[in-house]
Amino acid sequence: MSTLLIIVNIVLLLLFIAGLYAMQKKHISFSKRVFVGLGLGILFGLILQYVYGAKSDVLKSTIEWYNIVGKGYVKLLQMIVMPLVFISILSAFTKMKLTNNIGKISTLIIGLLVGTTAVAAAIGISTTLTFNLDGAQFQQGDAESARIEQVEQRLGDIENLSTPAKILELLPANPFLDLTGDRATSTIAVVIFSAIIGVAYLGIKRKNPEQAELFAKIVDAFHTITMRVVTLILRLTPYGVLAIMIRVAATSDYNAIWQLGKFVVASYVAMIIMFIIHLLLLTFAGLNPITYVKKAFPVLTFAFTSRTSAGALPLNVKTQQSMGVPEGIANFAGSFGLSIGQNGCAGTYPAMLAIMVAPVAGIDPLTPSFILTLIAVVALSSFGVAGVGGGATFAALLVLSTMNLPIAIVGLLISVEPLIDMGRTALNVSGSMTSGLLTSRVTKELDTKVYNGTEHQSSVTV
């Protein structure tokens with residue numbers, strides 16, 4: 001009987017996929033198909049949990065099959081991340097798109113990412129104080145105890161990591177290892193490696209233009225193939241979002257979410273406020289925030305459901321280009337945003353936890369010196385946070401240990417961690433896209449006609 005039920009569930013998923021495919025054939029917009037996938041995923045996931053129960057064997061087996069679509073899609077995106085970063089940055093040099101302003105562009109992007117993370121920390125602090133959240137109220141069960149042990153073990157690995165050591169971690173000692181994505185900072189290392197090769201190309205172009213021209217043609221060919229692969233993978237986005245959202249809705253512990261509802265609500269209030277600040281920054285730069293929301297919706301939806309900033313990178317870069325951001329700047333902003341200045345994971349979350357546990361350590365969280373120190377520590381600690389699941393935990397451990405605060409609270413939130421991480425990841429991606437747009441605006445390289453015009457179907461809808 002169980003096997004039959006699993007087969008029925010698989011057939012239902014295939015029917016939903018067929019429906020989304022039919023919408024594509026009717027040329028319904030990419031954003032609408034992603035939204036339909038999101039809505040269907042939530043609704044069907046809730047139905048599955050209601051019918052079978054969150055811990056049933058039927059649901060567990062069903063989700064394993066669904067993961068072929070959901071996690072398979074994420075893996076395909078992760079597969080193309082490093083080739084995309086490497087070849088796109090290199091292509092920007094061979095096509096002379098970054099060479100004149102590369103120093104200014106890098107400084108602006110990093111400055112915006114770190115600056116907005118500091119603002120996100122301030123918002124997290126204010127929200128925590130407004131909701132009067134107290135870390136001492138959280139209960140500790142078996143799952144929480146196990147999580148705390150893992151957290152303490154991880155702290156032992158990173159507590160002696162100084163700021164200079166973290167900066168060194170960004171450099172590519174072994175670029176071939178970094179191309180495999182082996183380290184948390186591999187993406188930034190690949191960006192640096194690509195830039196070094198690009199600078200070398202410029203030198204060869206002056207001394208031996210024939211070899212440089214051959215190299216540029218090879219890079220252009222690889223770039224064309226890579227972007228075609230990205231396009232093929234992005235076609236799967238509505239189906240991936242559907243399967244991922246079904247898993248999230250079907251397996252979430254709603255009782256735990258209810259018990260920690262105050263913290264969940266406060267977290268999302270902080271993230272929504274920070275997202276509004278992104279929109280205000282764009283408005284001050286003379287860009288229509290409504291246009292941004294419309295064009296950013298697919299990538300923010302994917303980031304929300306998948307909880308991986310790294311996996312969202314190809315769609316992130318494509319979306320920035322559909323807004324008129326030059327390809328080189330889009331790649332720099334998206335790539336730096338994976339490991340530097342993540343507004344959600346490295347900004348609001350660590351700041352909220354620090355304020356919540358400060359009274360336990362005998363510290364008044366309202367003390368101005370404590371708040372200013374916390375914001376500064378959060379901003380500095382945002383370097384090197386991995387753009388995959390667990391980055392927020394890493395950032396929280398760095399901040400709490402630096403401030404000499406208890407770290408156990410990181411383990412006490414395990415039951416609602418996935419739900420909060422969805423919003424954090426979407427905010428991270430929005431922060432990197434905002435930095436790309438603002439940098440392009442400041443350097444006068446943003447194509448405002450593309451930004452204000454109709455959506456580039458070839459960029460996002462394929």
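The model is predicted.

Helix α1 covers residues 2-25, and Leu4 is found in it. Leu4 also belongs to a nonpolar patch on the surface.

Next comes helix α2, residues 30-52. How far apart should its ends be? At 1.5 Å a residue, its 23 residues should span 33 Å. The end C-alpha atoms are 32 Å apart, which agrees. Phe30, Ser31, Arg33, Val34, Gly37 and Leu38 are among them. Gly41, Phe44, Gly45, Leu48 and Gln49 are buried too. Just after α2, Gly53 takes a positive phi of about 95°.

Now turn to charge. Side chains of opposite charge can pair when their charged atoms come close. How many salt bridges does the structure hold? There are three.

An α-helix has 3.6 residues a turn, so residues three or four places apart point the same way. Are these partners buried or exposed? Lys217 has 54% relative accessibility, and the cut-off for exposed is over 50%, so Lys217 counts as exposed. Glu213 has 47%, so Glu213 counts as partly exposed.

Another salt bridge pairs Asp421 with Arg307, and their closest N and O atoms are 2.9 Å apart. This pair links distant parts of the chain, 114 residues apart. Asp421 sits in helix α20, residues 417-442. Arg307 sits in the loop between α13 (289-306) and α14 (313-322). Asp421 has a relative accessible area of 4%, and buried means under 20%, so Asp421 is buried. Arg307, at 27% relative accessibility, counts as partly exposed.

Asp421 has a further partner. The side chains of Arg424 and Asp421 meet in a salt bridge of 2.8 Å, N to O. Arg424 and Asp421 are separated by about one helical turn, because they are three residues apart in helix α20. Arg424 has 1% relative accessibility, so Arg424 counts as buried. Which residues do the shared partners join? Arg307, Asp421 and Arg424 form one network of salt bridges.

Conventions: Residues are numbered from 1 along each chain as its sequence is written. This is a predicted model: local features need pLDDT of at least 70, side-chain atom pairs count only at pLDDT 80 or more; totals for chains, interfaces and linings use all residues. Side-chain values use heavy atoms; hydrogens and water are left out. Helices (H or I, at least four residues) and strands (E, at least two) are DSSP runs, numbered from the N terminus. The expected span of a helix is 1.5 Å times one less than its number of residues. Buried means under 20% relative accessible area, exposed over 50%, partly exposed in between (1.4 Å probe, protein chains only). Patches are made of residues with over 30% relative accessible area and no salt bridge: like charges are joined within 9 Å, nonpolar side chains (Val, Leu, Ile, Met, Phe, Trp, Tyr) within 5 Å. Accessible areas come from the Shrake-Rupley method with a 1.4 Å probe; for residues, only the protein chains shown count as cover. A salt bridge is a side-chain nitrogen of Lys or Arg within 4 Å of a carboxyl oxygen of Asp or Glu.
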